[in-house]
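Please find below a colleague's note on the structure shown. The points are meant to be read alongside the coordinates.

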Amino acid sequence: MLELNLPEVQFALQAVEQACRLVRQVQAELASQALTKDDRSPVTVADFAAQALVAQRLEQMLPGEALVAEENSQALQAPTGQAAPTGQDTLRRVSGYVQQFISGATRQQVCAWIDLGAGLPEGRFWVLDPIDGTKGFLRGGQYAVALALVEQGQVQLGVLGCPALQAGCKQDANGAGSLVAAQRSRGTWCAALRGGFASGVFNAAEFTRLHVSEQRRPEQARLLRSYEAAHTNTGKIDSLVQRLAIQAEPVRLDSQAKYAILAAGCGEAMLRLPPDDNPGYREKIWDQAAGALVVEEAGGSISDIHGRALDFTAGRALQRNRGVLASNGFLHAALLDALAALGA
Ligand code: AMP
Ligand code: MG
């Protein structure tokens with residue numbers, strides 16, 4: 001079982017659970033609002049507000065710890081422009097949501113909390129994707145709040161809040177959602193997101209242990225892939241399906257919810273292959289750290305597409321890796337062989 005009394009575990013579970021409550025509220029109220037970031041991925045009020053909230057909780061519960069997170073407050077502080085909503089409009093909304101959890105939070109404080117995420121990815125640090133799968137969040141699909149603790153390159157703790165995922169791995173648009181947590185050597189556990197958590201008290205009885213599937217036949221594998229074709233290589237995935245005579249169509253899902261589904265035994269493999277038009281893409285650590293431990297502690301395997309361990313000592317991106325293969329473990333070698341044969 002997770003060490004529920006450990007301050008790190010308490011912080012991670014509470015922060016993710018609260019961030020999930022916050023982003024669900026934003027989704028219900030303004031899911032279609034988005035700014036455009038340099039890399040063109042949509043960033044929403046929910047992204048910023050969730051990052052501010054998690055960073056403030058970290059500062060409060062574990063002062064002095066480093067945080068590496070996806071967003072920074074630059075876009076919110078930009079001078080007022082012509083296009084609506086402006087950064088200032090967004091900051092006003094972000095602050096409004098944060099104030100529901102931290103009364104009296106000022107806009108400057110909110111920006112400062114967001115910018116705590118510029119910590120160095122060295123030694124011991126937390127890594128946060130405030131909303132992984134922003135596109136899924138906007139279109140009513142899967143998304144996750146992903147938080148992990150990395151120490152000397154090893155993920156020690158990984159928590160995924162998946163508001164649209166039922167504990168039984170199904171889509172769960174109106175239900176409780178899932179809180180999936182892994183601690184090194186202590187397994188991967190799942191609880192319903194909406195439970196007795198409002199008080200911050202976590203009860204071991206609410207968690208169920210997750211295990212990967214025991215499927216050993218490649219043709220029976222249920223593959224999970226990104227919903228967005230631009231985030232993977234659909235041509236190579238199709239070739240892999242043919243080569244291994246895999247019967248089921250790959251399932252398209254946004255975010256690290258894919259790793260939670262794999263950990264729960266509801267899929268056998270998850271593939272992230274660099275797209276043909278962006279072969280140099282390097283995975284971001286906040287897109288992988290929490291999910292990687294969730295898969296491993298459920299008995300699965302995770303590596304890059306050449307079989308190398310994910311190396312979390314290379315900065316904000318996995319510079320020494322290419323793509324990701326996560327599996328139930330039993331099928332890992334067969335999938336790596338097939339990828340090599342396809343020249344992936
Ligand atoms: P998914 O939900 O599987 O589509 O993965 C979402 C993540 O993919 C986002 O958080 C982005 O950081 C990341 N991403 C953005 N561009 C690419 C790309 N070209 N290839 C792979 N991943 C990407
Ligand atoms: Mg992400």
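The numbered points below cover the metal site, the ligand site and the nonpolar cores of this predicted model.

1. Metal site. The magnesium ion (ligand 2) has Asp-129, Asp-132 and Asp-287 as its protein donors, each through OD, at 2.0 to 2.4 Å. Water is not among the atoms, so the site may look incomplete.

2. Spacing of the donors. Along the sequence, the donor residues of the magnesium ion (ligand 2) follow the pattern D-x2-D-x154-D. Asp-132 belongs to strand 4 (residues 124-132), whereas Asp-287 sits in the loop between strand 12 (269-272) and helix 9 (289-297); the pair therefore ties together parts that are 155 residues apart in sequence. Asp-132 and Asp-287 are both buried.

3. Surroundings of ligand 1. Which residues surround ligand 1? They are Asp-132, Ser-226, Ala-230, His-231, Asp-254, Ser-255, Lys-258, Arg-272, Pro-275, Asn-278, Tyr-281 and Asp-287.

4. Polar contacts of ligand 1. A polar side-chain atom of Asp-287 is 2.6 Å from an oxygen atom of ligand 1, and a polar side-chain atom of Lys-258 is 2.7 Å from an oxygen atom of ligand 1. Ligand 1 taken alone exposes 500 Å², of which the protein buries 86%.

5. Largest nonpolar core. This core comprises 55 residues, and Phe-11, Leu-13, Val-23, Val-98, Val-110, Trp-126 and Leu-147 have the most contacts inside it. Helix 1 (residues 7-30) gives the most to the core, namely 11 residues. Beyond its neighbours within four places in sequence, Phe-11 is in contact with Val-54, Arg-57, Leu-58, Met-61, Leu-62, Trp-126 and Leu-147. A second, separate core has 40 residues, including Val-68, Val-150, Cys-190 and Tyr-259. In soluble globular proteins, nonpolar side chains tend to be buried together.

6. Val-16. Is Val-16 buried or exposed? With a relative accessible area of 0%, Val-16 is buried, because the cut-off for that term is under 20%. Val-16 has its place in helix 1. Not counting residues up to four places away in sequence, Val-16 touches Val-145, Leu-147, Val-159, Leu-160, Gly-161 and Leu-179. Of these, Val-145 is 129 residues from Val-16 in sequence, yet their C-alpha atoms are 6.3 Å apart in space.

Methods: Residues are numbered from 1 along each chain as its sequence is written. Chains are lettered from A and ligands numbered from 1 in the order in which they are written. This is a predicted model: local features need pLDDT of at least 70, side-chain atom pairs count only at pLDDT 80 or more; totals for chains, interfaces and linings use all residues. Side-chain values use heavy atoms; hydrogens and water are left out. Donors are N, O and S atoms within 2.8 Å of the metal (3.2 Å for Na, K and Ca); water is not among the atoms, so sites may look incomplete. Helices (H or I, at least four residues) and strands (E, at least two) are DSSP runs, numbered from the N terminus. Buried means under 20% relative accessible area, exposed over 50%, partly exposed in between (1.4 Å probe, protein chains only). A nonpolar core is a set of buried Ala, Val, Leu, Ile, Met, Phe, Trp, Tyr and Cys residues joined through side-chain atoms within 4.5 Å. Contact means heavy atoms within 4.5 Å. A residue is near a molecule or strand if one of its heavy atoms lies within 4 Å of it. A polar contact is a pair of N or O atoms within 3.5 Å; within protein, one must be able to donate a hydrogen and the other to accept it, and residues adjacent in sequence count only if both atoms are side-chain atoms. Accessible areas come from the Shrake-Rupley method with a 1.4 Å probe; for residues, only the protein chains shown count as cover.
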